[in-house]
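Let us walk through this structure together, one step at a time.

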Amino acid sequence: VAYARVYRTTDRGATWSAVTSLPGTGGSPLNVRFIPGAIVIVTDSTVYRSTDNGSTWTETATGLPAGRVITDFDGSINGSGSLLYVTAETQARIDLGFRNLYRSTDGGVSWTRCGNTGLFANASIPVAFAWLAVSPASPTVLYATVTGGDSAQSAYPHGPSVYRSADSGSTWTPVLFQDAADPRYNIANTSWLKGQWGWNQSISGVTVDPADAGRLIATTLT
């Protein structure tokens, strides 16, 4: 059984000391965020929170599905507090093509499911959130890679692959269209057509410019 141990540095990474192990067998850490008054670590199965600089940790996954698998975690802070997000679902639901997005407005103590307005053509198409990128300057702005139908163009159910939300994940607007047959196809280099150069492959990563919430970089697998 693998346990995740937390290490801390107080000299900008020159030396490290072991602080403690995360309680239980909470899986492999995905990411860590420092927020006012706390540190939050998310693993592939749960969420941990520390209010004493990592000396002790408490599991705080209220609102997330039981038996969950967590895919990604991101978040940031502003003058009014923090907003944290995870993509998570049970393994059985992931196997069926579902993966939901959850938001925490209380520093990771509890989680609520985000909305899907603007995402899908109908409820029968599986919702599958994957990778997240939250604006460091404005935590209400986030991007997510999504598979599933598109409510605006049902003829191209797998066209958009990256969506943007400006209201903390309640409503969404598609911003990247990879299907060259889609009239909204918006990749500048028109030689990157369907089936060529990798641009209709799955998105493998996204990140937001810290100084500009409207500037995003997305990468594909090939």
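Strand 9 pairs with strand 10 (residues 112-113) in the antiparallel sense, over two bridges. Two strands are said to pair if DSSP finds at least two bridges between them. The strands themselves, like the helices, are DSSP runs numbered from the N terminus: a helix (H or I) has at least four residues and a strand (E) at least two. Within this pairing, arginine 103 stands opposite threonine 112 in strand 10.

Before going further, note that this is a predicted model, in which local features need pLDDT of at least 70 and side-chain atom pairs count only at pLDDT 80 or more, while totals for chains, interfaces and linings use all residues. Residues are numbered from 1 along each chain as its sequence is written, and side-chain values use heavy atoms, with hydrogens and water left out.

Strand 9 also has a partner in strand 8 (residues 81-90): the two run antiparallel and are joined by five bridges. Here alanine 88 has asparagine 100 of strand 9 as its bridge partner. How many residues of strand 9 (residues 100-104) are buried? Five of its five are, and the strand is mostly covered. Buried means under 20% relative accessible area, exposed means over 50%, and partly exposed lies in between (1.4 Å probe, protein chains only). In a regular strand the side chains alternate between the two faces of the sheet. You can look for this in strand 9, where Asn100, Tyr102 and Ser104 point one way and Leu101 and Arg103 the other way, and all are buried.

Now step back to the whole chain. It contains one helix and 16 strands. Of its 222 residues, 44% count as buried. The accessible surface comes to about 11,000 Å², and 53% of this belongs to carbon and sulfur atoms; such areas come from the Shrake-Rupley method with a 1.4 Å probe, and for residues only the protein chains shown count as cover.

Next, the charged residues. Side chains of opposite charge can pair when their charged atoms come close. A salt bridge is a side-chain nitrogen of Lys or Arg within 4 Å of a carboxyl oxygen of Asp or Glu, and a search of the whole structure finds four. One of them links arginine 68 to glutamate 59, with the closest N and O atoms 3.4 Å apart. Arginine 68 is buried at 16% relative accessible area, whereas glutamate 59 is partly exposed at 44%. Another joins arginine 93 and glutamate 89, at 3.8 Å. In this pair glutamate 89 is buried at 5%, and arginine 93 is partly exposed at 31%. Aspartate 209 and arginine 215 also meet in a salt bridge, at 3.5 Å from N to O. Arginine 215 is exposed at 53%, while aspartate 209 is partly exposed at 24%.

Finally, find aspartate 72 in strand 7 (residues 68-78). Aspartate 72 is buried yet has no salt bridge, and the nearest side chain of opposite charge, arginine 33, is 7.8 Å away. For charge, Lys and Arg count as positive and Asp and Glu as negative, while His and the chain ends are not counted. What does the side chain of aspartate 72 reach at 2.8 Å? It is the backbone nitrogen of leucine 132.

Notes: Polar contact = N/O pair within 3.5 Å; in protein donor to acceptor, adjacent residues only side chain to side chain.
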